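Open the model in your viewer and keep the selection tool at hand. This tour moves from stop to stop.

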Amino acid sequence: MTAESKTKRCRMIRTAAAGLALTAGLSLVLPGTAFSGGMASVSAAESGQKVTLRIANWEEYIDEGDWDEEEAIELDDREGTTILGENSMVEDFEEWYLETYGVDVDVEYSTFGTNEDLYNQLTLGNNFDLVCPSEYMFMKLIAENRLQPLSEGFFDEQNENNYYIRGVSDYIRNIFDTNTINGEPWSKYAAGYMWGTTGIVYNPDVISKEEASHWAILADPKYKGQVTIKDNVRDSYFAALGILNEEELLEPEFLQSSDRLDQIAEAMNRTDEETVGKAEAILKQMKENAYSFESDSGKADMVTGKVLANYQWSGDAVYTLDQAEIDDYYLAYAVPEECTNVWFDGWVMLKDGINGDAAKQQAAEAFMNFMSRPDNVVRNMYYIGYTSVIAGGDSDIIYAYADWCYGAEDDAEDTIEYPVGFFFSGDNADEDYVITAEADQADRQLFAQYPPQDVLERAVVMQYFDQENNERINQMWVNVRCFDLASLTWHDWAKIAAVVIVLAAAVVLYKKRDKIRMRTDV
């Protein structure tokens, strides 16, 4: 099997999952089903306990099982590394929890389409226990004091069932420990799930890597009507700031600065009136230049060749490249040289849902840990195509899976040595974590899933903005997405008034003629 076909095989089941999602609609509910198999040591009836756990997650964002046997993942000769999703992850969790803790848990699993959809559900009174929003939404929920802190026991690395804290990548752990809201770190409330960068999916037959490696391509008139941009204020504002700050971010002195990452973070989180005003002007240029604002359709537009470049999250970039490759249509992914936004989706518990119930909190934390168990991490990554925050800790299963997906065959001629030690061991020079890959993977799926060190050196978090700055940015977005009356000159108003007068006269004339016709008919 060639490296090319290995990559296709690595994504087969995710294509099926996408089909399921299309038929399922926008809200999928999977009530949990308790198992009656012999694995459970204590039944719910014997223990007298039962927990109902209400979970909300993104659509298509968990392994739903039902794999065919030929889809089993065999990771070389490692013991116990045949991975097969026979049942849904929810069902397997319920069985594992009963076996491990002697408690019957019933998971009520539902999905949401956007962070705003989730927030609206919470506002309307839906009391979920555990949800998985993006970092800006869990930052907002932390700021609003709506989250239940993780227990001290969750961070006990001696507990063999604490797969999250034992296996999370040091790179990710540092970000969650050092980013704060109101003086409190993310890690007090949130456990990461998936992560990645933002960048440009592009057609390398038409667009050069150099062109795709700058945010300015989104406003380049050379590609008018052939690029798409994100239909949300934060991602689009970030891209606009990338264009606005390009000269500053690429100055030789800036590039050599010892605190370059901090300086990028400062520049890309500016929200003063002057910056927002300049960003608005850039976004309006991008709007005029774009084929569309989009949230999900950009993937299909790239695969079908409607557009040449698509502003995309790395996980969806991988999906797009995979789908195009099925038709022997090869796309690439670039991360702008100026900077990129490193994003996360993470699990958080809601105060209103947990409501002081220790048994429910234990079940919620156990679910996060179960999702972080290395074999389950592989199942979820295989099914949805995104990159887990879990490196594996003492287990090398997740690295073996990355090598299984992207490692070149022995007879491959054009290969590269691609280090991923930064993620798996914290040392990018670690020879135990180097994938020998096909050379084109330097710009394709492997690059999107595990960005190299130089990308991480310009990858920053877009912070949560307070109410005043949110209002300023949201008004800017309204001006961009809607008709901005404030931008009209007196010449524009004069033209509008003239049109209104003409239309009003036409209406009056029509009514007069109608009255005359009625009299004539009589």
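Buried means under 20% relative accessible area, exposed means over 50%, and partly exposed lies in between, using a 1.4 Å probe and protein chains only. Helices (H or I, at least four residues) and strands (E, at least two) are DSSP runs, numbered from the N terminus. This is a predicted model, in which local features need pLDDT of at least 70, side-chain atom pairs count only at pLDDT 80 or more, and totals for chains, interfaces and linings use all residues. Residues are numbered from 1 along each chain as its sequence is written, and side-chain values use heavy atoms, leaving out hydrogens and water.

**Stop 1: helix α20**

Select residues 397–406, helix α20. Nine of its ten residues are buried, so α20 is largely enclosed by the rest of the structure. Colour the buried ones: I397, I398, Y399, A400, Y401, A402, W404, C405 and Y406.

**Stop 2: α4 and α18**

Now show helix α4 (residues 89–101) and helix α18 (residues 358–371). Their axes, lines fitted to C-alpha atoms over the stretch in contact, lie 10 Å apart at an angle of about 120°. Angles run from 0 to 180 degrees between N-to-C directions. That makes α4 oblique to α18; angles under 35 degrees count as roughly parallel, over 145 as roughly antiparallel, 65 to 115 as roughly perpendicular and the rest as oblique.

From α4, M89, D92, F93, W96, Y97 and Y101 meet A359, Q362, A363, A366, F367, F370 and M371 of α18. Contact means heavy atoms within 4.5 Å.

**Stop 3: an aromatic cluster**

Keep F93, W96, Y97, Y101, F367 and F370 on screen: they are among the members of one aromatic cluster. Rings of Phe, Tyr and Trp (its six-membered ring) pair if their centres lie within 6.5 Å; planes under 30 degrees apart count as stacked, over 60 as edge-to-face and the rest as tilted.

**Stop 4: F293 and W477**

The structure holds 37 aromatic pairs. Pick F293 and W477: their ring centres are 5.6 Å apart and their planes at 85°, so the pair is edge-to-face. F293 sits in strand β13 (residues 292–294) and W477 in helix α24, so the pair ties together parts 184 residues apart in sequence. Both residues are buried.

**Stop 5**

**Stop 6: K299**

Finish in helix α15 (residues 297–303), at K299. Is K299 buried or exposed? K299 is buried, at a relative accessible area of 13%.
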